Structures are given as structure tokens and as C-alpha cells.
Amino acid sequence: MDIIFIRELRAETLVGIYAWERQVRQTIEIDLEIALPSSRACETDNVEDTIDYSRVVRRVHEELERHQFKLLEALAEHLARCIREEFKAPWVRVSVAKLRMMHGVKQLGVVIERGQRPG
Ligand SMILES: Nc1nc2c(c(=O)[nH]1)N=C([C@H](O)[C@@H](O)CO)CN2
């Protein structure tokens with residue numbers, strides 16, 4: 001199985017369970033691992049045969065502009081579904097973290113995996 005990864009993607013978005021969090025954008029950090037439907041690009045050297053990670057980054061920013069969530073779980077689920085559907089990815093791992101939300105904690109967040117990880 002081949003995987004593309006995107007690490008430490010930072011985005012500004014409205015997310016949180018408290019009223020103030022739905023008015024003030026926060027920086028979140030996203031890590032993605034996305035299984036490729038095939039390893040064809042390793043042979044063809046053609047970006048059309050893989051998932052273009054720059055397109056994924058653009059789509060993540062677009063989705064975070066369009067949608068607001070209370071929980072990081074719901075935000076992660078939305079991104080996982082979007083990536084699986086649009087890029088035909090059989091499996092994704094999505095990690096979403098808030099930075100320094102609590103005293104003494106560098107990051108808080110969730111990791112979800114969706115789909116079948118090819119063997
Ligand atoms: N499991 C979760 N717990 C909490 C979340 C969350 O998204 N998932 N969010 C909050 C608040 O919005 C927090 O970030 C503000 O302190 C609390 N717990």
C-alpha cells in the first residue's frame with residue numbers, strides 16, 4: 001500500500017463548543033495520511049496516476065472556510081469523508097489538533113481512521 005502524507009497543515013477556522021470559539025478563529029494543525037488507490041504513479045511518473053497532495057491541501061482550506069464545527073471529531077469526519085469521496089482514497093487517517101488550548105498542554109485533538117487500509 002502506498003500512502004501520501006501531509007503534516008502540520010495549519011489552518012484558521014471557527015471550531016469549538018463554547019460561544020467565544022464560534023466567533024474567534026483558532027489555528028488548528030492537521031496531519032493526513034491518505035492511501036492511494038494504486039501504485040501506478042511509481043511506474044508512470046505521472047501526477048494523473050496519484051493523488052495530487054497540493055489539491056488536497058487546497059480542498060482542506062476550502063472546506064474549513066465553508067463549514068463550522070463544534071467538535072474536532074466532527075471536523076475530522078468531514079475531512080475524511082471529503083478526501084475519500086473526492087480523491088477515491090480507500091483509507092485515510094486524519095489528525096486534528098488545537099494548539100496550546102490549555103495551560104501545560106502543547107496540543108489537544110483527535111485522530112480518526114476511515115475506510116479499509118489495503119493490505
Ligand atoms: N473530545 C473533545 N473534547 C473537547 C473538544 C473537542 O472538540 N473534542 N472541544 C472542547 C472545546 O471546544 C475546547 O477546545 C475549548 O477548551 C473541549 N473538549
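This is a predicted model: local features need pLDDT of at least 70, side-chain atom pairs count only at pLDDT 80 or more; totals for chains, interfaces and linings use all residues.
**Sheet**

The model has an open sheet of four strands. Their order is β1-β2-β3-β4, and the pairing is antiparallel. The edges are β1 (3-13) and β4 (107-115), each of which pairs on one side only. From one strand to the next, the twist averages 15°.

Strands β2 (residues 26-35) and β3 (residues 91-99) are joined by seven bridges, in the antiparallel sense. Opposite L32 stands V94 of β3.

**Helices on the sheet**

Helix α2 spans residues 53-66. It lies across β1 and β2 and runs at about 30° to β1. Helix α3 covers residues 72-87 and packs on the sheet. It touches β1, β2, β3 and β4. The direction of α3 makes about 35° with that of β4.

**A residue in β3**

S95 is part of strand β3. Is S95 buried or exposed? Its relative accessible area is 17%, so S95 counts as buried, the cut-off being under 20%. Leaving out residues up to four places away in sequence, S95 touches E29, I30, D31, V110 and V111.

**Salt bridges**

The count comes to twelve salt bridges.

| Pair | Distance |
|---|---|
| E33 and R93 | 3.3 Å |
| R40 and D49 | 3.8 Å |
| E77 and R81 | 3.6 Å |

E33 is partly exposed, with a relative accessible area of 24%. R93 is also partly exposed, at 24%.

In the pair formed by R40 and D49, R40 is partly exposed at 49% relative accessibility.

E77 and R81 sit in helix α3. They are four residues apart, about one turn of the helix. E77 has a relative accessible area of 22% and is partly exposed. R81 has 48% relative accessibility, so R81 counts as partly exposed too, since that class runs between 20% and 50%.

Salt bridges with shared partners also build a network. It joins R59, E62, E63, R66 and E86.

Methods: Residues are numbered from 1 along each chain as its sequence is written. Side-chain values use heavy atoms; hydrogens and water are left out. Two strands pair if DSSP finds at least two bridges between them. Helices (H or I, at least four residues) and strands (E, at least two) are DSSP runs, numbered from the N terminus. Axes are lines fitted to C-alpha atoms, for helices over the stretch in contact, and angles run from 0 to 180 degrees between N-to-C directions. Contact means heavy atoms within 4.5 Å. Buried means under 20% relative accessible area, exposed over 50%, partly exposed in between (1.4 Å probe, protein chains only). A salt bridge is a side-chain nitrogen of Lys or Arg within 4 Å of a carboxyl oxygen of Asp or Glu.
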